Every structure is written in C-alpha cells, then in structure tokens.
Amino acid sequence: MPVPGADGNPDTFTELLSRLGEFPLLTFTGDQKSALALDDLQCAGAGWARLAWDGLTALQEYAEAAVRGEAGGDFKQWCEHTPDGCHRFPPRKAVRGESRTVHSHTKWKRERMLPVPECVDASRRAFMGAHLRIGGGRTAPRLHYLDDCSGSGRIYVGYIGLHLTNTRTN
C-alpha cells in the first residue's frame with residue numbers, strides 16, 4: 001500500500017483511487033486505467049495526484065453546500081469565492097465546459113459522454129464538459145465531472161487521465 005505524502009494527501013493515482021470513499025458526495029464512474037496510467041508517465045505524477053486530490057476535496061465541500069442550497073453558483077464560482085474555512089482550488093484550473101468546437105465535433109463530444117447512473121440519464125451516459133486542469137504540458141491531465149447536486153445530490157467524476165482530444169491534441 002502506498003504511503004501518503006507528508007501532508008496526508010495521495011502521491012499517486014493508485015492511492016487517490018483507493019481513497020475516493022472519503023468523498024461521500026462524489027462518485028467515480030470512469031475507467032480506472034486512464035487515471036492509473038498517469039502514475040507511469042513521469043515524476044510530475046505526484047503533483048498531478050495532489051492537485052487532483054485538492055480538486056476532489058473542493059468539489060466535495062462545494063457539493064455539501066450545493067445540496068443545502070448554499071453554494072452560491074456553480075463550482076467555478078465557488079472557486080472564485082471560496083467560503084472561509086473551505087478548501088481552495090485555483091479558479092483558473094476549474095473549467096465550466098468545453099468549447100463550441102468540441103461540442104460540434106462528433107468524435108470529441110462522444111469522448112466526453114461518460115458513464116452516469118440511470119437515475120441521472122436513462123442512457124447511462126452524460127456529457128461531462130466541466131473539468132479540472134490537473135496538469136499541463138503535452139499530456140495536460142484532466143478530471144471531467146458532472147455536477148448533479150440539484151438532481152441526485154451528487155457529483156459524478158467520469159474521467160481522470162490524459163487530455164481528451166481537441167484542436168490542440170490531434
């Protein structure tokens with residue numbers, strides 16, 4: 001079992017995935033392989049795992065407020081105006097949605113149609129354009145999620161891994 005970093009946060013995606021149960025209002029619906037592959041890329045993986053953990057922590061706190069009707073907007077707004085005592089996540093790393101180009105490109109849009117429970121969508125898939133930037137450079141890892149706090153009272157994380165296809169990746 002990996003040993004957490006000195007601050008108690010995971011240093012690897014292997015550990016991060018094993019600890020997702022610490023976030024009761026977040027559900028990971030994606031394929032673990034794409035997240036685990038980040039551990040093998042480079043030493044930056046530890047930084048990526050920590051930033052992803054920071055994002056998940058902030059998403060959990062946002063979800064807690066959102067289900068009570070106290071979030072004051074979406075997750076991006078939460079990051080821009082994080083309440084005192086809550087975990088901060090950099091607003092520039094929280095993205096509301098994908099570009100019009102991604103939406104209109106069938107293959108790229110399909111990549112972002114990620115698994116959700118049937119109670120969210122009868123097709124068991126939903127477009128997850130909202131994402132967190134958890135790394136940069138050529139690999140540019142991302143964490144894609146669907147905020148369903150106003151419906152099922154949860155946030156669904158459908159993807160953690162390398163940047164999905166867009167105009168800059170192909």
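## Aromatic pairs and cluster

A residue is called buried when its relative accessible area is under 20%. In this predicted model, Trp78 has a relative accessible area of 3% and is therefore buried. The same cut-off places Tyr62 among the buried residues, because its relative accessibility is 4%.

The whole structure contains five aromatic pairs. In one of them, the ring centres of Tyr62 and Trp78 lie 5.9 Å apart and the planes meet at 70°, so the arrangement is edge-to-face. This pair connects distant parts of the chain, with Tyr62 in helix H3 (residues 44-67) and Trp78 in helix H4 (residues 75-80), 16 residues apart. Both residues also belong to one aromatic cluster, which is formed by Tyr62, Phe75, Trp78, Phe89 and Tyr145.

An open sheet is formed by five strands in the order E1-E7-E6-E5-E2, with mixed pairing. At its edges stand strand E1 (26-28) and strand E2 (94-95); each has a single partner strand, so one side of each has no neighbour in the sheet. In general, the strands of a sheet pair through backbone hydrogen bonds, in either a parallel or an antiparallel sense.

For E2 and strand E5 (residues 131-133), the pairing is antiparallel and extends over two bridges. Ala94 has Leu132 in E5 as its bridge partner. Helix H2 (residues 32-39) lies across E1 and E7, and its direction is at about 50° to E7.

## Gly153 between strands E6 and E7

Gly153 occupies the loop between strand E6 (142-148) and strand E7 (154-161). Its relative accessible area is 14%, and Gly153 is therefore buried.

Beyond the neighbours within four places in sequence, the contacts of Gly153 are with Leu25, Val67 and Asp148. Leu25 is 128 residues away from Gly153 along the chain, yet their C-alpha atoms are separated by 7.2 Å.

## Salt bridges

Ten salt bridges are present in the structure. One of them joins Arg68 and Glu70, whose closest N and O atoms are 2.9 Å apart. Arg68 is exposed, because its relative accessible area is 51% and the cut-off for exposed residues is over 50%.

Another salt bridge joins Arg124 to Glu118, with 3.2 Å between the closest N and O atoms. Arg124 is partly exposed, with a relative accessible area of 46%, and Glu118 is likewise partly exposed at 46%.

Glu111 and Arg112 also form a salt bridge, in which the closest N and O atoms are 3.7 Å apart. The two partners fall into separate accessibility classes: Glu111 is partly exposed at 23% relative accessibility, whereas Arg112 is buried with a relative accessible area of 0%. Both residues take part in a network of salt bridges that links Glu98, Lys107, Glu111 and Arg112.

## Asn9 before helix H1

Asn9 is located in the segment before helix H1 (13-18). With a relative accessibility of 17%, Asn9 counts as buried. The side chain of Asn9 makes a polar contact of 3.3 Å with the side chain of Trp53.

Notes
Residues numbered from 1 in each chain as written. Predicted model: local features only at pLDDT ≥ 70, side-chain atom pairs only at ≥ 80, totals over all residues. Heavy atoms only, no water. Helix = DSSP H or I, 4+ residues; strand = E, 2+ residues; numbered from the N terminus. Buried < 20%, exposed > 50% of the residue type's maximum accessible area, 1.4 Å probe, protein only. Contact = heavy atoms within 4.5 Å. Salt bridge = Lys/Arg side-chain N within 4 Å of Asp/Glu carboxyl O. Polar contact = N/O pair within 3.5 Å; in protein donor to acceptor, adjacent residues only side chain to side chain. Phe/Tyr/Trp six-rings, centres within 6.5 Å; stacked < 30°, edge-to-face > 60°. Pairing = 2+ DSSP bridges. Axes fitted to C-alpha atoms, helices over the stretch in contact; angles between N-to-C directions.
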